[in-house]
Amino acid sequence: MADAQCACGALQLKFSEPPRLTALCHCYACQRRTGAPFSANAFYSIDCVEISGTSTEFIRTADSGRQVRMHFCPTCGSTVYWKVDAAPLWIGVAIGSLADPAFAPPELSVFEQSKHGWVQLAETVEHFQGRPSGRT
């Protein structure tokens, strides 16, 4: 199982279980956070993640009104993980921080109302214009 880390290696995450969900997000906040047209995310049960190193927390309010707590390395600036107040038992991890080309592909693609038109996804991905209903 791959571990996650920031660009300089000072902030690291180790996992004892595989992710519960993998998803792409096309919302403007994720576009700005990553500097890319979407974010690729893995979601883990919080109790299977061991975090080492120091992070700086940036709190933003999502379109839903709920707070998202982004954790990034104070040395290199890489956002490695985040926690959402509405889902306290989950931790989101930037798939790029795993640096594993064989990592599980995304299951969902969310907030496609702001997806760049040239982004093409596999047919196996479930598509949602906003946040999937019935999910946190």
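Strands are DSSP runs of at least two residues marked E, numbered from the N terminus. The views below show a predicted model.

**View 1. Strands E8 and E9 are joined by a hairpin.** The hairpin connects E8 to E9 through 5 residues. E8 and E9, the latter made of residues 90-94, pair in the antiparallel sense over 2 bridges. Tyr81 has Val93 in E9 as its bridge partner.

**View 2. Strand E7 runs antiparallel to strand E8.** Phe72 has its bridge partner, Thr79, in E8. The hairpin of E7 and E8 has 6 residues between the strands, and in this hairpin Gly77 takes a positive phi near 85°.

**View 3. Phe43 and Trp82 form an edge-to-face pair.** The ring centres of Phe43 and Trp82 lie 6.3 Å apart; the pair is called edge-to-face because the planes meet at 80°, where the cut-off is over 60 degrees. This pair links distant parts of the chain, with Phe43 in strand E4 (residues 39-45) and Trp82 in strand E8, 39 residues apart. Both Phe43 and Trp82 are buried.

**View 4. Phe43 and Trp90 form a tilted pair.** Their rings are 6.4 Å apart, centre to centre, with 50° between the planes. Here too the pair links distant parts of the chain: Phe43 belongs to E4 and Trp90 to E9, 47 residues apart. Phe43 has a relative accessible area of 19% and is therefore buried, whereas Trp90, at 34%, is partly exposed.

**View 5. Phe43, Trp82 and Trp90 form one aromatic cluster.** Arg33 lies over the face of Trp82, 4.5 Å from the ring centre.

Conventions: Residues numbered from 1 in each chain as written. Predicted model: local features only at pLDDT ≥ 70, side-chain atom pairs only at ≥ 80, totals over all residues. Heavy atoms only, no water. Pairing = 2+ DSSP bridges. Helix = DSSP H or I, 4+ residues; strand = E, 2+ residues; numbered from the N terminus. Phe/Tyr/Trp six-rings, centres within 6.5 Å; stacked < 30°, edge-to-face > 60°. Buried < 20%, exposed > 50% of the residue type's maximum accessible area, 1.4 Å probe, protein only. Lys NZ or Arg CZ within 6 Å of the ring centre and 35° of its normal.
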